[in-house]
Each structure stands twice: as C-alpha cells, then as structure tokens.
4 protein chains.
Amino acid sequence: MSPRTENQYEQIRENRKHQIMHVALELFAEKGYSTTSINAIASRAGISKGLMYNYFSSKEALLREIVHSGMAELMDVFDPNKDNFLTDEEFVFFINESFRIVQDRKYFWKLYFALLAQPAVLNVFDNRLRDTVLPLIRIMTDYFRRKGFTDPESEALLFGALMDGVALNYLYDPEHFPVEKIKKVIIERFG
Amino acid sequence: MSPRTENQYEQIRENRKHQIMHVALELFAEKGYSTTSINAIASRAGISKGLMYNYFSSKEALLREIVHSGMAELMDVFDPNKDNFLTDEEFVFFINESFRIVQDRKYFWKLYFALLAQPAVLNVFDNRLRDTVLPLIRIMTDYFRRKGFTDPESEALLFGALMDGVALNYLYDPEHFPVEKIKKVIIERFG
Amino acid sequence: MSPRTENQYEQIRENRKHQIMHVALELFAEKGYSTTSINAIASRAGISKGLMYNYFSSKEALLREIVHSGMAELMDVFDPNKDNFLTDEEFVFFINESFRIVQDRKYFWKLYFALLAQPAVLNVFDNRLRDTVLPLIRIMTDYFRRKGFTDPESEALLFGALMDGVALNYLYDPEHFPVEKIKKVIIERFG
Amino acid sequence: MSPRTENQYEQIRENRKHQIMHVALELFAEKGYSTTSINAIASRAGISKGLMYNYFSSKEALLREIVHSGMAELMDVFDPNKDNFLTDEEFVFFINESFRIVQDRKYFWKLYFALLAQPAVLNVFDNRLRDTVLPLIRIMTDYFRRKGFTDPESEALLFGALMDGVALNYLYDPEHFPVEKIKKVIIERFG
DNA sequence: CATGAATGAGTCTTCATTCAT
DNA sequence: TATGAATGAAGACTCATTCAT
C-alpha cells in the first residue's frame with residue numbers, strides 16, 4: 001500500500017548496482033569494453049536494457065565506476081599509511097599479498113591490462129594509476145637502497161615491471177604459468 | 001603507354017597491401033581494433049573503402065595478416081636454427097636484441113599486448129604464439145640450468161614475464177621508464 | 001489525528017492536479033510537448049512519476065486537460081452571452097482585453113501557437129477552437145459592417161489575423177515589440 | 001569497369017541530397033521536428049536509414065540545412081539591393097510577392113512557424129531571421145513615414161505582425177481563409 | 001584496378017507507462 | 001495515496017560489407 005521506505009529503496013539500488021557492475025566487469029574483462037554491448041550486460045544480469053540507465057548514465061560511466069571502485073579497493077589493501085619502511089619479512093608479505101590480490105580479482109586485473117593496453121580509447125585511469133603506483137615504487141626504492149644496490153630506483157621499476165609481467169602471464173595463460181614456483185623464485189631473487 | 005607487365009601489377013598490389021597493413025597497424029595499435037573503422041583505415045591510406053576489400057576479405061582478415069606477418073618477422077629475428085646453446089655473451093646480445101625489437105616496432109607490440117589482453121574477442125594468435133615463445137623458454141631454461149639454478153624452468157618463465165612487463169611499461173609509459181638503466185640492471189641481475 | 005474528510009481529500013487532489021497542470025504548461029510552452037518528459041514534469045512538480053498517472057491517464061491526457069481548461073477560461077472572458085453588438089467603446093475595451101489576456105497567460109498562448117503550428121501531431125483543439133473564434137468573428141463582422149466597409153467579413157478575418165500576428169510577435173520577441181504603441185496604432189486604425 | 005567520374009558522383013549526391021531535404025521538409029512541417037523519425041524520412045525517401053547519414057551528419061544538421069537553404073532562397077526573392085524606396089506601386093507588388101511566396105512554399109513556412117513557436121528546442125535561426133526581417137521593417141517604416149503617419153515604425157511592425165498572422169491563418173486553416181479577398185483588403189487599408 | 005553510394009544489422013540511449021510495495 | 005524500480009518499444013546513429021559503374 002504505502003511506498004517502500006527510503007531504506008528499502010536504498011537496499012534495492014545498492015544490490016542492483018553491484019550486480020550490474022559485477023556482471024559488466026566480467027564481460028568487459030572477457031570480451032573487451034567496446035565489444036561488450038549493453039544488451040549483453042543487461043541480459044546476463046537478467047534485467048532490461050533500460051534499467052541499466054537507471055543506475056549508470058552511460059556505458060562509459062559504468063566502466064569508470066567499475067574501475068574506480070576497483071582502484072579504491074586496491075588502495076585499501078596496499079595500506080598507504082604504513083611507514084615507508086619495508087623489512088625483509090614485510091617484503092615477502094608484500095609479494096604474497098600482490099599475488100593474492102591478482103588471484104582474487106582476476107576479472108578486475110584483466111580489465112586493467114586491457115584498458116592499459118589501449119590508452120587512446122578511454123583514459124579511465126586519470127592520475128589515479130600513478131598516484132597508486134608511485135608510493136609503492138618509492139617504498140621499493142628505499143628497500144633496494146638499504147639492500148645496497150647501486151641503482152635502487154631502476155631496481156624498483158624493474159621489480160614493478162616484473163610483477164606486471166607475472167600478472168599478465170598468470171592471467172592470460174594460467175595453465176602454463178606455475179604461480180607458486182614463480183613466487184618462490186621471486187622471493188629468492190629479490191627478497 | 002604500353003600496358004604494364006604482370007610484374008608491375010604484382011608490384012603495385014604488393015605495395016598497396018603493405019601500405020594498408022602499415023596504416024591499419026598504426027590505427028589498431030593507437031585506438032584499438034574494434035574502435036578503428038574501415039573508413040579510417042582507407043582514408044588514412046588514401047584509398048577507397050572498396051579497394052580495401054580487394055586486398056583483404058574482411059577487417060578481421062586484415063588484422064590476422066598484420067599479426068601473422070609481424071610474428072613471421074619476429075621468428076626471423078630470433079633465429080630458431082641457432083643451436084640451443086646460449087653463452088653469456090649471447091645472453092647479453094639476446095637481451096639487447098629484445099629491447100631493440102620492441103623499440104623498433106612499437107606499434108606491433110602495442111597491438112600485440114592489446115590483443116593478448118582480450119583473448120575472447122579474437123584469437124588471432126592460434127598456436128603461433130606458443131610456437132614462437134616455447135623454443136625461447138627452452139633456450140633460457142638451458143641457460144639457467146648451466147648457471148646452476150635449482151629451478152631453471154621457473155627461472156626462464158620468470159625471465160619471460162619480466163621481459164613482458166618491461167615491454168609493457170616501456171610501451172605505455174615511456175617517459176617514466178628509463179629503458180637503458182633497466183636494461184643494465186637486467187643484464188647484471190640475470191646475465 | 002482524525003482522518004481527513006472526503007472534502008479535504010478532494011481538496012488535496014484538486015490542488016495536486018492544478019499544480020501538475022501548471023508545471024506541465026510551463027514546460028510544454030518552453031520546451032515543447034514531445035521534448036518534455038514525464039520525469040521533468042514530475043520532478044519540477046515535486047512528486048513521483050507514478051503519482052502523475054494517478055491524476056492523468058497519459059501524457060496526452062494531461063496536455064488535453066491543460067488546453068481545454070485554458071480554452072474554458074478564455075470563453076469565460078470573452079463572454080459569449082453579451083449581445084452581438086459592439087460599440088466603439090466596447091471595441092476598444094475588447095482590444096485591451098485581448099492584449100491583457102495574452103500578457104497574463106503567456107505560457108498558455110505559447111503552447112497554443114506551438115500546437116496550432118503542428119496540427120498533425122495532436123489535434124488537441126477539436127472543434128473547440130472554431131467554436132470559440134467564430135462568434136468573435138461574427139461580432140467583428142457586424143462591427144465593421146456598421147462602420148460601412150464593403151467586405152466586412154474579410155475585414156473581420158483580417159483583424160483576427162492581425163491579432164494572431166501581434167500575439168506571435170509579442171510572445172516570441174517581446175524585446176523588439178513595443179506592445180503599447182502597437183495597441184495604440186491598432187485602435188487608431190481599426191477603432 | 002572504371003569508377004564513375006567525379007561529375008557523376010557529384011550529380012548523384014546533389015540529387016539525393018535534394019530528395020532527402022525535400023521529403024524531410026514535408027515531414028517536419030506536417031508532424032514536427034521531434035516527432036519525425038529518421039526512419040520515416042528514409043522510408044518516405046525510399047532509401048535506407050544509413051544513407052541519410054552519408055548526406056547529413058545528424059537529424060539536426062538536416063534541419064539546419066533545410067532552414068538555411070529556405071532562408072537563402074527567401075533573401076534572393078526579397079532582393080536587398082533594391083533602393084530603400086518603396087513607391088505605392090512597389091508596395092502593392094511587395095504584398096503580392098509576399099502572398100505568392102507563402103503560397104508557393106507552404107511546407108517551408110509551416111516549418112518556420114513551428115520552429116518559431118518553440119525557440120527553446122532548437123535555435124535554428126541564429127541571427128539570420130532578424131537580419132532578413134530588419135531591412136524589410138526599415139523599408140516599410142520609410143514607406144509609412146512618407147505616407148505621413150505619426151508613428152511609422154510601429155506602423156511597420158504592425159504591418160509585419162499582420163503579415164505573420166495572415167500567413168498563419170492561411171497555412172493552418174486555408175479553407176476558412178479567403179486569401180484573395182484578404183489581400184485586397186490589406187492593399188486598401190495599407191497601400 | 002578503383003570508386004564511393006547504398007544497405008542493414010547492430011549500438012547506445014530515452015521515455016511513457018506499469019506495478020509491487 | 002504515493003513511490004520509484006522496472007520494462008520495452010522506439011529513436012538516433014555507426015559501420016562492415018556489397019555492388020554498379
């Protein structure tokens with residue numbers, strides 16, 4: 001009789017929104033942003049095309065929200081308020097964490113690399129990307145400096161590139177990429 | 001005003017084809033495959049849309065030919081008929097070569113990563129990719145085995161991943177990626 | 001906390017209805033009927049989309065009711081029960097009244113002309129329009145006949161057209177249209 | 001075998017463009033701009049939807065080109081290079097011309113009034129409208145001044161409004177509007 | 001060999017309307 | 001009575017591909 005409460009509506013919206021973002025992330029990661037149609041998203045989410053636009057003003061807005069929410073989660077994980085100091089133990093922990101994050105959120109990372117590899121299409125990352133990565137690079141630089149390397153910054157950048165490459169190989173050819181072994185080798189080599 | 005010889009026609013066709021592929025590679029790399037229209041390709045190549053279809057049966061066929069020709073060139077460079085043996089000197093040479101190749105053919109590699117990151121869209125690489133990479137991995141495995149590593153295969157895979165990551169960073173953020181320094185560090189660390 | 005009486009409910013409904021019609025008239029006049037969305041109306045009226053349909057069965061029904069109510073008001077003003085006789089004094093009064101009506105209800109007249117200029121879309125006026133205008137034309141015809149014109153009916157039609165044109169110019173380019181002066185000239189010329 | 005000549009293509013384009021504009025003008029005038037779908041235009045023109053966009057970049061661009069081309073024609077007719085002087089004879093000629101123009105291009109004028117009555121939607125006329133009308137008003141002002149009127153400018157504006165109103169009545173209710181008689185009355189009254 | 005007009009399926013998006021609550 | 005989530009049909013626009021010339 002009476003309309004739903006504010007709270008009920010809030011709940012419905014929250015759920016739907018997550019559902020749409022979830023489904024869209026999967027499709028964007030699998031088939032690419034421009035190859036994924038709103039139709040496909042709506043149909044996999046089991047809703048009508050029109051409803052999508054009740055939650056996101058456009059396909060691009062949907063993508064942006066997915067990316068930003070993913071990035072936000074990420075920043076939470078790589079807690080930036082930890083002191084700039086990385087012990088050997090923490091370094092190992094950091095590597096483990098990184099692997100876990102990629103493994104836990106494969107879809108997000110696939111989308112990440114797909115978008116990265118096509119910057120002219122949609123600059124979705126703004127400065128957020130560098131803002132996230134830079135502190136990490138700095139911490140790693142410090143770490144390698146303390147380890148006595150002559151060019152710790154390049155060392156850090158190399159390490160970053162290595163992690164990118166590992167993620168790439170893991171995501172796109174997991175069958176031929178023995179993650180655990182690789183992790184071990186990394187720790188031996190860089191830890 | 002005598003009619004052109006068979007050969008001259010052949011020559012014209014060949015040139016046109018290369019021209020189209022060249023232009024298309026640039027556009028695909030910059031803007032992505034699905035975002036690049038036949039119109040854009042034809043217009044940048046200075047020919048008519050219709051003519052495109054005289055040389056390539058479809059947009060996808062064009063892409064495939066670009067990729068395959070690029071892969072073929074690649075295999076030529078990493079000459080597979082060299083013995084499976086990699087001296088320290090040759091290792092350094094190999095790294096230098098790898099860097100040169102990426103730097104020389106940026107467009108191809110951008111397209112490569114973009115396609116890699118979206119396998120569901122177009123499986124352009126068939127088995128060609130593994131066929132190219134596997135021998136390299138084997139050679140590297142041998143190399144690392146001789147160096148005395150306990151898990152030389154993972155070491156080789158890691159090295160491959162590293163090179164991927166380095167290429168990625170170089171291609172998509174060249175300004176913040178000091179290639180030469182990185183190269184040096186790689187040689188020190190892995191050579 | 002006693003329940004509202006029938007009458008109070010009736011009152012509320014009436015108010016809501018007026019409010020919706022008022023807001024819709026403004027929007028239709030400003031942006032056009034088909035360009036105005038139900039959403040826009042509801043939101044400017046501060047109610048929900050659904051409630052709109054509680055008062056009007058459709059967008060078109062809303063438009064019709066707006067137009068008809070406007071026309072009804074109009075007929076009240078140009079009281080048809082006055083005798084068919086128009087003295088010189090009454091003629092001046094009639095002109096003044098006409099100007100006042102247009103100035104007082106700009107939105108309605110804008111909508112009126114917009115709808116008039118697009119009869120194929122929505123024939124909202126049915127016969128009502130002619131029913132309203134015809135008596136006026138007759139009265140004017142009589143007036144001009146008494147003034148001794150040879151073709152009083154055409155004279156009356158011309159006068160009607162003139163008033164239309166004046167309204168049009170006033171409504172859509174008020175800055176460049178000196179209404180008061182124009183009114184004076186009309187009275188001089190036709191009075 | 002060989003492609004069409006430049007000229008042939010030019011010819012084809014010219015024809016198609018006119019055809020589309022012609023059909024679109026009719027529909028816009030009859031049903032209104034926003035109520036007329038590209039589908040309707042294409043289908044009445046006997047072409048595919050897509051082809052429309054080969055000639056006009058958007059629906060709005062199509063409208064603009066129709067309006068501008070109509071305005072251009074108009075300016076040709078009301079030749080602006082005539083001296084600013086209007087004899088009695090010329091005045092009569094001017095009125096006749098005006099009637100002829102409206103009668104000859106009913107669709108254009110219907111569209112004109114429909115757009116005028118909905119300025120917020122699309123400001124298609126820019127300044128073109130005033131640029132066209134202002135010189136006419138000036139000429140009329142001079143004319144009425146020479147005739148000895150005390151407020152010749154208002155007289156001219158009134159005359160303009162009258163012509164608008166006449167056009168309106170003629171276009172939207174031709175059956176009840178005896179143009180020829182009206183014309184006669186205008187000449188008598190204002191000539 | 002070469003052109004570009006033409007097609008039509010498919011894309012994103014909007015919006016009047018319905019309905020469970 | 002009142003809400004706004006949900007639908008679905010329709011709209012503007014794009015683009016790979018075909019084909020007469």
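**Aromatic pairs and domain contacts**

Q: How many aromatic pairs does the structure hold over all chains?
A: There are 52 aromatic pairs over all chains. Keep in mind that this is a predicted model.

Q: How do F144(C) and F149(C) pair up?
A: They form an edge-to-face pair. The ring centres are 5.6 Å apart, with 80 degrees between the planes.

Q: Why edge-to-face?
A: Because an angle over 60 degrees counts as edge-to-face, and this pair has 80 degrees between its planes.

Q: Is F144(C) buried or exposed?
A: F144(C) is buried, at 0% relative accessibility.

Q: What about F149(C)?
A: F149(C) is partly exposed. Its relative accessible area is 30%.

Q: Now chain D. What sort of pair do F91(D) and F159(D) make?
A: A tilted one. The centres lie 5.4 Å apart and the planes are 45 degrees apart.

Q: Where do those two sit in the chain?
A: F91(D) is in helix 5, residues 88-104 of chain D. F159(D) is in helix 8, residues 152-172 of chain D. The pair links distant parts of the chain, 68 residues apart.

Q: Are they buried or exposed?
A: F91(D) is buried, with a relative accessible area of 0%. F159(D) also counts as buried, at 2%.

Q: Which residues form the aromatic cluster in chain A?
A: F91(A), Y143(A), F144(A), F149(A), F159(A) and F190(A) form one cluster.

Q: Switching to charges. What lies over the face of Y33(C)?
A: K59(C) does, at 4.6 Å from the ring centre.

Q: And over F190(C)?
A: R189(D) lies over that face, at 4.2 Å from the ring centre. Here the charge is from chain D and the ring from chain C.

Q: How far is chain A from chain C?
A: Chain A and chain C do not touch. Their nearest C-alpha atoms are 11 Å apart.

Q: And from chain D?
A: No contact there either. The closest C-alpha atoms of chain A and chain D lie 20 Å apart.

Q: How is chain A divided?
A: Into domain 1 (1-56) and domain 2 (64-190). Their C-alpha centres lie 30 Å apart.

Q: How many residues are in contact between them?
A: 10 residues of domain 1 are in contact with 8 residues of domain 2. The two domains bury about 930 Å² between them, 79% of it on carbon and sulfur atoms.

Q: Which three residues of domain 1 supply more of its buried area than any other three?
A: M21(A), L25(A) and A29(A). They supply 51% of what domain 1 buries against domain 2.

Q: How many salt bridges between the domains?
A: The count is 1.

Notes
Residues are numbered from 1 along each chain as its sequence is written. Chains are lettered from A and ligands numbered from 1 in the order in which they are written. This is a predicted model: local features need pLDDT of at least 70, side-chain atom pairs count only at pLDDT 80 or more; totals for chains, interfaces and linings use all residues. Side-chain values use heavy atoms; hydrogens and water are left out. Rings of Phe, Tyr and Trp (its six-membered ring) pair if their centres lie within 6.5 Å; planes under 30 degrees apart count as stacked, over 60 as edge-to-face and the rest as tilted. Buried means under 20% relative accessible area, exposed over 50%, partly exposed in between (1.4 Å probe, protein chains only). Helices (H or I, at least four residues) and strands (E, at least two) are DSSP runs, numbered from the N terminus. A charge sits over a ring if NZ of Lys or CZ of Arg is within 6 Å of the ring centre and within 35 degrees of the ring normal. Contact means heavy atoms within 4.5 Å. Domain bounds come from an automatic or database domain assignment. Buried area is the accessible area (1.4 Å probe) that two parts lose on being put together, summed over both. A salt bridge is a side-chain nitrogen of Lys or Arg within 4 Å of a carboxyl oxygen of Asp or Glu.
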